[in-house]
Amino acid sequence: MTFLYKSDPTRGLEWARLFAQKAPELPFRIWPDVGDPGEVRFLAAWMPPAEIMATFPNLELLFSVGAGVDQFDFSALPQELPVVRMVEPGIIDSMVEYATLAVLALHRDLVTYAAQQREQVWRQIRVRPAAQRRVGILGLGTLGEAVSRKLAGFGFPVAGWSRSRRAIEGVTCYAGADEMKAFLARSDILVCLLPLTAETRGILGADLFAMLPEGARLANCGRGGHLDQDALLSALDSGRISAAVLDVTDPEPLPAGHPLWNHPQILVTPHIASMTQPETAVDVVLDNLKRHRAGEPLVGLVDRGRGY
Ligand code: NAP
């Protein structure tokens with residue numbers, strides 16, 4: 001019975017050290033050193049190999065090493081194979097930091113000041129109190145909820161939007177397509193923390209931007225596929241959106257010369273908002289293996305019907 005890791009090999013070595021400490025009885029291997037493929041029961045991967053069941057006929061569980069699973073081609077994965085996304089404290093903490101950074105940067109006009117610095121312009125923009133800047137979070141799951149709680153602590157009026165109704169103290173919760181318009185109309189800063197699914201692909205587009213207050217600000221911490229990049233550029237030109245922080249783009253890396261690179265009202269970071277931390281991730285994976293053996297529900301089990 002083998003646990004196989006197929007992702008960044010440097011982090012794989014950290015996983016190997018932690019597995020050796022915490023679960024010495026379970027053989028751990030790093031792709032492409034798979035050993036006997038028939039022994040591979042558990043696979044943690046960013047991109048699973050093609051022909052996964054033909055390659056590993058006894059595979060019992062597939063773990064994503066990241067919080068999202070949009071990189072998986074579900075049509076190539078057998079229906080009965082449980083797929084588990086990464087829900088671990090390291091990812092949550094780093095996303096809370098990044099989303100806070102992005103919202104504070106947008107709130108305090110840092111994108112504009114960075115552009116002004118490049119032009120050697122000394123121009124002050126009046127400071128607006130947090131209480132007068134309404135923040136809206138698309139997606140109130142593991143990450144969106146943690147982010148919304150932190151931002152409410154700064155005094156921003158915070159609201160969130162999800163598919164099913166959520167209840168978070170200090171956060172106004174909107175749900176479903178019917179309430180989207182009202183949610184967007186009160187979002188001066190909009191943060192995307194949705195999973196990328198057939199329903200959410202391209203959601204950050206002209207129709208959505210039209211429902212935001214004039215001059216709203218945007219932080220995309222989800223996936224590049226959520227954003228219609230041309231629509232953003234038009235919305236920035238027209239003033240509908242006044243600034244954006246983008247941690248994710250499509251494609252990644254963003255190609256040289258792409259218009260997002262040099263736009264004065266856009267700050268781009270290279271998909272670093274949050275990263276799985278091996279120390280905490282291995283604990284969560286080992287706990288899930290215990291649950292799997294005991295026939296208990298897995299933490300982070302993906303609902304194939306919803307796509308996340
Ligand atoms: P999660 O726990 O599954 O939460 C997803 C949230 O989005 C839920 O509130 C869900 O609604 C809502 N949602 C999904 N589809 C929707 C729809 N069609 N309409 C309205 N709401 C919808 O996911 P998570 O762990 O918070 O992660 C969210 C995403 O963050 C990941 O999928 C990934 O794309 C992104 N991410 C990015 C980075 C980075 O470094 N940039 C790192 C980690 C994760 P319900 O509550 O009703 O289910």
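Trainee: Where does Ile266 sit?
Mentor: Ile266 is in strand 12, residues 266-268. Strands here are DSSP runs of E, at least two residues, and helices are runs of H or I, at least four, numbered from the N terminus. This is a predicted model, where local features need pLDDT of at least 70, side-chain atom pairs count only at pLDDT 80 or more, and totals for chains, interfaces and linings use all residues. Residues are numbered from 1 along each chain as its sequence is written, and side-chain values use heavy atoms, leaving out hydrogens and water.
Trainee: Is Ile266 buried or exposed?
Mentor: Buried, with a relative accessible area of 7%. Buried means under 20%, exposed over 50%, partly exposed in between (1.4 Å probe, protein chains only).
Trainee: What does Ile266 touch?
Mentor: Its contacts include Val111, Leu232 and Ala244, not counting residues up to four places away in sequence. Contact means heavy atoms within 4.5 Å.
Trainee: And His263, where is that?
Mentor: In the loop between helix 9 (259-262) and strand 12. His263 is buried too, at 14%. Leaving aside neighbours within four places, His263 contacts Leu233, Leu236 and Asp237.
Trainee: What is phi of Glu51 near?
Mentor: 55°, a positive value in a residue other than glycine. Glu51 is exposed, at 60% relative accessible area.
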